[in-house]
Amino acid sequence: MEYEPAIGLETHVQLKTRSKMWCGCANEFGAPPNTNVCPVCLGMPGVLPVANEEGLRKTVLAGLLFGCEIPPRAKFDRKNYFYPDVPKNYQVTQYDQPSTRAGHLDFEFEGRVTRVRITRAHLEEDVGKNNHFETHSGVDFNRAGVPLLEIVSEPDITSPAMAFEYLNALKEVLIQGGISDCDMEKGMVRCDVNVSVRPRGASELGAKIEIKNLNSFSAARRALEYEIRRQQGVVAQGGRLAQETRRWIDDAGVTELMRSKEEAHDYRYFPEPDLMPMEPGAAWLESVGRGMVELPLARKQRLMQDFQLPASDAQTLATDPALGDYFEKAACGAKAPKAIANWIINNLRAQLAHSGATLALVRFAPGAIAELAGLVDSGKISSKIAQEVFLEMFATGDAPGAIVDRKGLAQVSDTGAIEKLCDEAIAAHPKSAADYRAGNVNALNFLKGQVMKASRGKANPGLAGEILDRKLKA
Amino acid sequence: MQVDLQHVMKLARVELSAEEQALLGPQLGQILGYIDQLRKVDVSGVEPTAHAVPLVNVMRADEVQPSLPHAEAMRNAPAQRAGLFVVPPVLE
Ligand SMILES: [Zn+2]
């Protein structure tokens with residue numbers, strides 16, 4: 001019998017706030033150990049945490065971006081466990097009344113738009129960081145109390161590759177929504193996976209196995225690949241799987257048992273008495289909703305629809321919202337949006353990368369790109385000359401038309417002038433002329449090149465070709 | 001009321017001698033039995049509540065305030081190294 005996997009993900013992301021969730025310590029990566037700490041985040045007795053409004057706003061905004069319901073009331077709970085990186089011996093989280101629930105994430109996978117349901121996205125706090133020495137460990141509490149969003153998916157994911165794409169799409173939405181910087185290197189995103197296998201077509205899920213210690217999206221994918229094969233192997237040999245937690249060992253590329261169901265933690269959740277419940281209310285929700293952005297997938301689809309862009313261009317522009325905005329300004333009402341996309345995606349991006357500037361520092365308005373594309377489209381300048389004009393625009397901020405006039409770059413489509421250049425080229429290269437007459441087509445390209453060179457690139461190449469052909473065949 | 005004292009000891013990371021267990025086990029049972037009387041109260045018409053205080057939306061602005069000086073933060077640490085709180089080796 002064939003066994004298929006069902007995968008659910010729990011993704012933790014650090015929210016982008018200035019201060020921590022319950023105290024005013026800086027939410028900052030890379031500070032010297034235990035310098036962003038205070039009595040509240042060190043779990044000293046007698047302190048009172050106060051919720052950071054921005055943490056709650058970002059949580060609810062994330063929920064709105066995932067199309068979640070926002071319940072009228074949310075509360076905080078204590079999840080109790082002893083571990084050296086949890087200074088209070090409990091972690092504050094939202095247990096049974098989360099800030100958001102029942103949403104979804106749409107993303108492209110294997111060429112189709114796929115939906116994964118999101119069970120809930122709730123707010124909790126990060127814990128400290130353990131450093132390991134030979135005989136003991138050391139704890140840095142700078143990270144303790146940093147707002148953390150936990151996004152729990154339904155087990156709708158059917159392959160490791162799909163899990164990988166889900167994580168990438170999730171990250172893209174969170175970055176564009178300003179929810180989190182999602183910097184993997186700084187540990188801002190971490191995920192746990194739940195995976196089970198069941199006979200193909202069965203409605204009931206198999207024993208759920210959780211894998212921890214996944215430090216990157218590719219580690220999640222590799223761990224799933226390994227774990228699914230392992231589970232399929234167990235059932236193929238008539239074995240039974242039981243609920244357990246496993247740990248991914250990246251170097252060895254295997255998962256190993258961490259704890260069985262019997263050893264599962266008993267967290268004894270109860271309402272956090274120090275924090276008051278949250279009732280969002282219409283006015284507050286409306287103000288949070290003003291932070292909504294167009295989702296990257298929706299934007300990609302709209303760019304393809306409205307501007308007839310190919311998928312790859314639309315993807316590039318949707319992944320970089322500022323570049324996408326720039327394109328839309330440039331392409332608004334333009335005849336050939338694809339040409340404008342080319343200028344922005346290829347030339348503008350290259351110049352920005354080369355000069356180290358940002359879009360905000362570009363010296364010409366987006367409309368100048370449309371004007372440049374128009375000059376090429378109407379035949380006023382050749383596409384080769386346009387490259388030169390673009391560099392000049394980038395350097396000076398001058399309008400493309402003004403640059404063409406000032407530098408005398410307009411394409412020569414004056415038949416008389418081109419005829420003269422053609423005659424000169426034929427006279428100077430009699431062998432090429434004879435070759436073409438003898439049937440060597442390449443010889444015409446050589447002569448055309450000579451005409452272009454003599455015109456300093458300004459001759460209309462199509463016209464030059466036609467005239468040469470006519471003269472040589474006469 | 002019967003209490004799984006071994007489980008409670010494990011959760012609380014508390015070690016008790018046999019005598020202490022014999023004494024505290026029944027006492028804990030009595031306390032829970034006392035609390036358990038609440039089950040008899042008819043609460044069918046009462047809204048569930050998480051708090052005794054009728055307050056919601058207590059929030060602060062997202063502003064950074066000074067943290068403790070490092071030395072002050074470490075003052076209670078029985079052992080420290082490289083600015084970290086030293087703890088027994090962490091296995092998980
Ligand atoms: Zn603090």
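Student: Which residues lie nearest the centre of the second largest pocket, and how many line it?
Tutor: The lining has 22 residues, and F107(A), E108(A), A169(A), P296(A) and L297(A) lie nearest the centre. A pocket here is an open set of points on a 1 Å grid over the protein atoms alone, where a 1.4 Å probe fits, with protein on both sides within 12 Å along at least five of seven lines; a cavity is a set of points where the probe fits but cannot get out, and lining residues have an atom within 4 Å of a point. This is a predicted model, in which local features need pLDDT of at least 70 and side-chain atom pairs count only at pLDDT 80 or more, while totals for chains, interfaces and linings use all residues; side-chain values use heavy atoms, without hydrogens and water. Residues are numbered from 1 along each chain as its sequence is written, with chains lettered from A and ligands numbered from 1 in the order in which they are written.

Student: How much space lies in that second largest pocket?
Tutor: About 450 Å³. The volume is the space filled by probe spheres set on the points, which are joined across faces, edges and corners.

Student: Which element gives the most to its lining?
Tutor: α2(A), with six residues. β5 (100-109), α2 (160-176), α5 (296-307) and α6 (311-319) of chain A each supply at least two. Helices (H or I, at least four residues) and strands (E, at least two) are DSSP runs numbered from the N terminus.

Student: And by class?
Tutor: Eleven nonpolar, six polar and five charged residues. Ala, Val, Leu, Ile, Met, Phe, Trp, Tyr, Cys and Pro count as nonpolar, Asp, Glu, Lys and Arg as charged, and the others, Gly among them, as polar.

Student: Where does the second largest pocket lie relative to the domains?
Tutor: Domain 1 (3-289) and domain 2 (296-407) of chain A both give residues to its lining, so the pocket lies between them. The assignment for chain A also gives domain 3 (415-473); such bounds come from an automatic or database domain assignment.

Student: What do domain 1 and domain 2 of chain A bury between them?
Tutor: About 540 Å², 60% of it on carbon and sulfur atoms. Buried area is the accessible area (1.4 Å probe) that two parts lose on being put together, summed over both. On the domain 1 side, E108(A), E172(A) and Q176(A) lose the most area to domain 2 of chain A, together 71% of what that side buries.

Student: How many salt bridges between those two domains?
Tutor: One. E108(A) pairs with K300(A) in a salt bridge, with the closest N and O atoms 2.7 Å apart. The rule asks for a side-chain nitrogen of Lys or Arg within 4 Å of a carboxyl oxygen of Asp or Glu.

Student: How many salt bridges over all chains?
Tutor: The structure holds 41. One of them joins R200(A) and E2(A), at 2.9 Å between the closest N and O atoms. R200(A) is in the loop between β10 (189-199) and β11 (209-214) of chain A and E2(A) in the segment before β1 (3-14), so the pair ties together parts that are 198 residues apart in sequence.

Student: Changing topic: how many residues does the contact take from chain B and chain A?
Tutor: It takes 34 from chain B and 57 from chain A, contact meaning heavy atoms within 4.5 Å. The two chains bury about 3,700 Å² between them, 60% of it on carbon and sulfur atoms. One salt bridge is found across that interface; R81(B) and E134(A) also meet in a salt bridge, at 4.0 Å from N to O.
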